[in-house]
Amino acid sequence: MTPGERSRSLGLALDGPNQPRNPERREESNRADVVAVASRNERRARAYAREHGIDRAHGSYEALLDDDNVEVVYNSLPNSLHVEWSIRALEAGKHVLCEKPLDRSAEAVERAFDAADRNGCLLMEAFMYRHHPQTKKAAELVREGAIGELRQLRSHFSFTLSNEADVRLLPELDGGALMDLGCYCVSMQRLFAGNPELVFGRQRTGASGVDLGFTGLLQFADDVFGEFHCGFDLPERSCLEVVGSNGALVVRDPVRCRDPHVELDGERIEVEDVDRYFLQVDNFSAAVRGEAEPLLGRADALGQARLIEALYRSAASGTAVSL
């Protein structure tokens, strides 16, 4: 594409838990248009397209990949299909913005990024909160020493999920609280402390066998410790606390970024309220045009997958796992 062209972004599928948010915001971007949508159910795809003013609706994922007017694919399929369909899109010459978590296997994540490199395309894992000014402000304050030396991290994310047919509760689709919610908790901690050296995880499983609740302890370099919990069987809660040698920083709503602000030793610091999905699409579109680097790349996605893999291994064995 030339610098004056707009990149084309779209939802690859409507068959997963993470549907495209606020699609009307595409009109605010000078970088991206949503031009097509696909589902295994053509009627559903057409209904979604009509509702959101999208030009084309496809009744299969293959049809969307054959659409020459599509340059970028947003993969919102269930977890177990993320790598498979991301690779198929990359091999079709499409850039891919794939919903988190890309996968629970580091080997699978490597294959996906290898496919991107092989086909000259970009792949990014879609952690939308990382693009928000609230996240960037928190990281900036800690980096500048506002709380002294980093000592401790605590994060949690939970809500009650009662529909037993929800894809997030199905083992064959890689469901589970750690995959859907805990991935945010550990992503936050990695942002501040890097990749952990040792992890210990425990899970509370439901009738389907997936983890309804998960808790973990993380040991980072320089004796920094982290702890997190997440769950589908808990009340709605979300918070991040970063504790240093002489202060503490709290983010009350670190994922959804509602009422965006950061609290430093009890003092509220306001940040700009911007749609995090919009910022994510804008960054990826700029990267496709060669005007920016993707905020998140191979190294971050591999760090996530290795950590999730280790936590599940620890929960299964009952022992700590080194990374």
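1. Helices H4 and H8 are roughly antiparallel to each other, where angles under 35 degrees count as roughly parallel, over 145 as roughly antiparallel, 65 to 115 as roughly perpendicular and the rest as oblique. The axes of H4 and H8 come within 8 Å and cross at roughly 160°; these axes are lines fitted to C-alpha atoms, for helices over the stretch in contact, and the angles run from 0 to 180 degrees between N-to-C directions. The crossing of H4 and H8 is right-handed, a crossing being left-handed if the near helix is turned anticlockwise from the far one by less than a right angle, and right-handed if clockwise. Helices (H or I, at least four residues) and strands (E, at least two) are DSSP runs, numbered from the N terminus.

2. A word on the basis of these values: this is a predicted model, in which local features need pLDDT of at least 70 and side-chain atom pairs count only at pLDDT 80 or more, while totals for chains, interfaces and linings use all residues. Residues are numbered from 1 along each chain as its sequence is written, and side-chain values use heavy atoms, with hydrogens and water left out.

3. On the H4 side, the contact between H4 and H8 is made by Ala 106, Val 109, Glu 110, Phe 113, Asp 114 and Asp 117, and on the H8 side by Arg 298, Ala 301, Leu 302, Ala 305, Arg 306 and Glu 309, contact meaning heavy atoms within 4.5 Å. By class, the contact of H4 with H8 has six nonpolar, no polar and six charged residues, where Ala, Val, Leu, Ile, Met, Phe, Trp, Tyr, Cys and Pro count as nonpolar, Asp, Glu, Lys and Arg as charged, and the others, Gly among them, as polar.

4. Asp 117, which lies in helix H4, counts as exposed at 54% relative accessibility; buried means under 20% relative accessible area, exposed over 50%, and partly exposed in between (1.4 Å probe, protein chains only). The C-alpha atoms of Asp 117 and Leu 90 are separated by 9.1 Å, although these residues are 27 apart along the chain.

5. H6 passes H8 in a right-handed crossing, and Leu 178, Met 179, Cys 183, Val 186, Ser 187 and Arg 190 in H6 meet Ala 299, Asp 300, Gly 303, Gln 304, Leu 307, Ile 308, Leu 311 and Tyr 312 in H8. The residues of this contact of H6 with H8 divide into nine nonpolar, three polar and two charged.

6. The structure holds 27 salt bridges, a salt bridge being a side-chain nitrogen of Lys or Arg within 4 Å of a carboxyl oxygen of Asp or Glu. One of them joins the side chains of Lys 100 and Asp 180 (3.2 Å, N to O); Lys 100 lies in the loop between strand S5 (95-99) and helix H4 (106-118) and Asp 180 in helix H6 (residues 177-193), so the pair ties together parts that are 80 residues apart in sequence. Lys 100 is buried, and so is Asp 180.

7. The peptide bond from Lys 100 to Pro 101 is cis, with omega near -15°, and Pro 101 is found in the loop between S5 and H4.

8. Asp 166 and Arg 168 also meet in a salt bridge through their side chains (3.0 Å, N to O), and here Asp 166 counts as buried at 14% relative accessibility, as does Arg 168 at 19%. In the salt bridge between the side chains of Arg 289 and Glu 291 (3.2 Å, N to O), Arg 289 counts as buried at 15% relative accessibility, whereas Glu 291 is partly exposed, with a relative accessible area of 39%. Elsewhere, salt bridges that share partners join Glu 110, Asp 114, Asp 117, Arg 298 and Arg 306 into one network.

9. Two backbone values deserve a look in the loops. Phi of Asp 222 is near 60°, a positive value in a residue other than glycine; Asp 222 has its place in the loop between S9 and strand S10 (224-231) and is exposed, with a relative accessible area of 72%. Asp 265 has a positive phi of about 50° although it is not a glycine, and Asp 265 is found in the loop between strand S13 (261-264) and S14.
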